[in-house]
Amino acid sequence: MGDSIIGVKFSGGVIIAADQSNARSILVYQSNLDKIPSLTSHSMLGCSGPNADIVNFSEFIAKNLELYRLSNDDMILSPHAQANFARGELAKALRKGPFQVNALLGGYDVKSKEGELYWMDYLGTLQKVNFGAQGYAGYFVLSTMDREWKEGMNEAEALEVVKHGISNLGTRLLLNQPNWLIKVVDEKGVRTIEFGADPADC
Amino acid sequence: MARRYDSSTTTFSPEGRLHQVEYAIEAINNAGTCVGILAKDGIVMACEKRVTSGLLAPAKTSEKTYKLCQHATCTVAGLTADANILIDQARLRAARYQYQYQEPIPMEQLVEHVCNYKQAYTQYGGLRPFGVAFLFAGYDVTHGFQLYQSDPSGNYSGWKATVIGANNQAGKSLLKSEYKDEEAEGEADEGGIPGIAAALKLAVKVLNKTMDGTGASTDKMELFVMTLDDTKQCVHKILTDDEVKKIIKEVEDEAASAGD
């Protein structure tokens with residue numbers, strides 16, 4: 001629950017924001033963690049959960065998608081297919097050794113030229129949404145996003161909605177989350193809009 | 001000399017050939033002909049039905065045409081019993097892909113899966129190869145309508161038009177002269193590859209050439225068409241006897257008037 005992930009779909013893409021703290025109990029290991037790994041050139045997975053599971057699961061999915069691309073003439077699976085594949089793996093693992101990962105998958109579909117956002121949890125739940133959150137963040141931002149999200153928003157408007165959410169969490173959430181990483185995916189691919197602390201710094 | 005290297009499927013001959021695989025391909029050249037033609041907005045497949053006895057109960061299902069999934073169908077030339085195993089494999093693969101990705105399987109992946117399964121019988125296990133050749137007709141969003149042919153070796157290739165089974169060389173030579181892919185040949189005025197109606201007539205013409213005896217009749221031919229409906233779903237249709245009769249008549253009329 002400690003990891004906050006916020007996602008907003010807009011016309012032609014998706015923005016996902018995540019806090020950058022890596023902490024357990026009272027100890028902060030790291031404050032520049034990137035919790036939004038890329039899956040393909042046009043999709044990313046904002047993950048909440050123990051760091052080991054986030055890395056293990058996201059790399060597993062990403063590498064399988066890469067294998068698919070290599071085996072099938074550079075074909076990138078649609079975000080819909082990627083999300084269902086990832087969900088299937090979460091469901092398979094659930095009754096063996098679950099991935100303790102709750103995620104938001106944001107992708108750009110080249111066929112429909114739309115952004116797509118999927119909410120999934122460690123039980124294998126999958127739901128396509130216009131906006132979503134993982135972790136404590138949901139308690140605070142789902143209501144504001146519900147009011148502010150509109151069909152056909154552009155990237156700047158979507159970013160406003162996300163930043164409003166982040167600002168609310170800064171005021172109302174007990175946990176201190178000073179650094180946030182914000183990424184966008186659109187027809188140009190996945191890129192970082194801004195970060196609180198550079199993930200590349202060791 | 002080749003005899004010594006004949007029996008084992010998994011042994012190369014000194015000339016670098018797999019004789020069992022070649023013999024399997026020979027077996028198919030005795031089977032009922034199938035022709036497949038890629039049309040402008042769909043695919044046509046026509047098969048020769050071999051009725052071995054008048055006492056046989058009328059078939060409830062086709063022995064040549066099999067639906068694999070919502071967007072793919074195949075026709076068979078060769079040992080029907082062998083074909084059934086491979087068709088099961090294809091249906092399983094298509095359904096498992098749909099389950100995993102919630103999307104239809106791209107055609108080439110389906111064909112490659114069946115072919116990889118066949119290839120194993122040319123390399124491991126000491127079992128004989130499958131005596132079947134397929135024509136796969138299907139649709140996916142990436143490449144539209146596609147026609148593939150595969151044989152016992154596990155090789156496959158994509159075609160605009162092709163023939164398998166008895167007299168396939170004669171059929172193929174007719175297609176070479178009559179199938180017009182005008183865009184490829186640089187004369188795009190007529191609108192490129194033939195439409196479904198033209199493709200159906202061409203398919204009947206090919207079967208007339210490859211079949212023995214007097215050729216065309218509805219109980220000896222099975223015509224199949226795949227198209228898209230308004231909601232972009234594939235429609236698979238095996239033509240009724242009346243529809244087949246109509247096309248046979250049109251082909252006969254054209255042949256008669258062509259002689260004038």
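Predicted model: local features only at pLDDT ≥ 70, side-chain atom pairs only at ≥ 80, totals over all residues.
Let's start where the chains meet. Nine residues of chain B are in contact with 11 residues of chain A. Together the two chains bury about 930 Å². Carbon and sulfur atoms carry 50% of that area.

Now the polar side of the interface. The rule finds zero salt bridges between chain B and chain A. It does find six residue pairs in polar contact, both partners at pLDDT 80 or more. Helix H2 of chain B, residues 80-101, brings the largest share of the chain B side, with three residues. By type, that side divides into four nonpolar residues, four polar and one charged.

Next, the rings. Over all chains, the structure holds 13 aromatic pairs. Take Phe57(A) and Phe99(A). Their centres are 4.9 Å apart, with 55° between the planes, and the pair is tilted. Tilted, because 55° falls between the cut-offs of 30 and 60 degrees. The partners sit 42 residues apart. Phe57(A) is in helix H1 of chain A, residues 51-71. Phe99(A) is in the loop between helix H2 (79-94) and strand E7 (102-109) of chain A. Are these two buried or exposed? Phe57(A) is buried, at 0% relative accessibility. Phe99(A) is at 14%, so it is buried too, under the 20% cut-off.

Over in chain B, Tyr121(B) and Phe130(B) pair edge-to-face, at 4.7 Å centre to centre and 65° between the planes. Both of these residues are buried. One more item on rings: ring pairs link Tyr68(A), Phe85(A), Tyr97(B) and Tyr101(B) into a cluster.

Ala72(B) is in strand E4 of chain B, residues 72-78. Its relative accessible area is 0%, so Ala72(B) counts as buried. What does Ala72(B) touch, leaving aside neighbours within four places in sequence? Its contacts include Lys67(B), Met107(B), Leu110(B), Met226(B) and His236(B). Arg96(B) is 24 residues from Ala72(B) in sequence, and 15 Å away in space, C-alpha to C-alpha.

Then Asn168(B), in helix H4 of chain B, residues 168-178. Asn168(B) is buried, at 13%. Its side chain makes a polar contact with the side chain of Asn29(B), at 3.1 Å. Not counting residues up to four places away in sequence, Asn168(B) touches Asn29(B) and Val163(B).

Methods:
Residues numbered from 1 in each chain as written. Chains lettered and ligands numbered in written order. Heavy atoms only, no water. Contact = heavy atoms within 4.5 Å. Buried area = accessible area lost by both parts, 1.4 Å probe. Salt bridge = Lys/Arg side-chain N within 4 Å of Asp/Glu carboxyl O. Polar contact = N/O pair within 3.5 Å; in protein donor to acceptor, adjacent residues only side chain to side chain. Helix = DSSP H or I, 4+ residues; strand = E, 2+ residues; numbered from the N terminus. Nonpolar A, V, L, I, M, F, W, Y, C, P; charged D, E, K, R; others polar. Buried < 20%, exposed > 50% of the residue type's maximum accessible area, 1.4 Å probe, protein only. Phe/Tyr/Trp six-rings, centres within 6.5 Å; stacked < 30°, edge-to-face > 60°.
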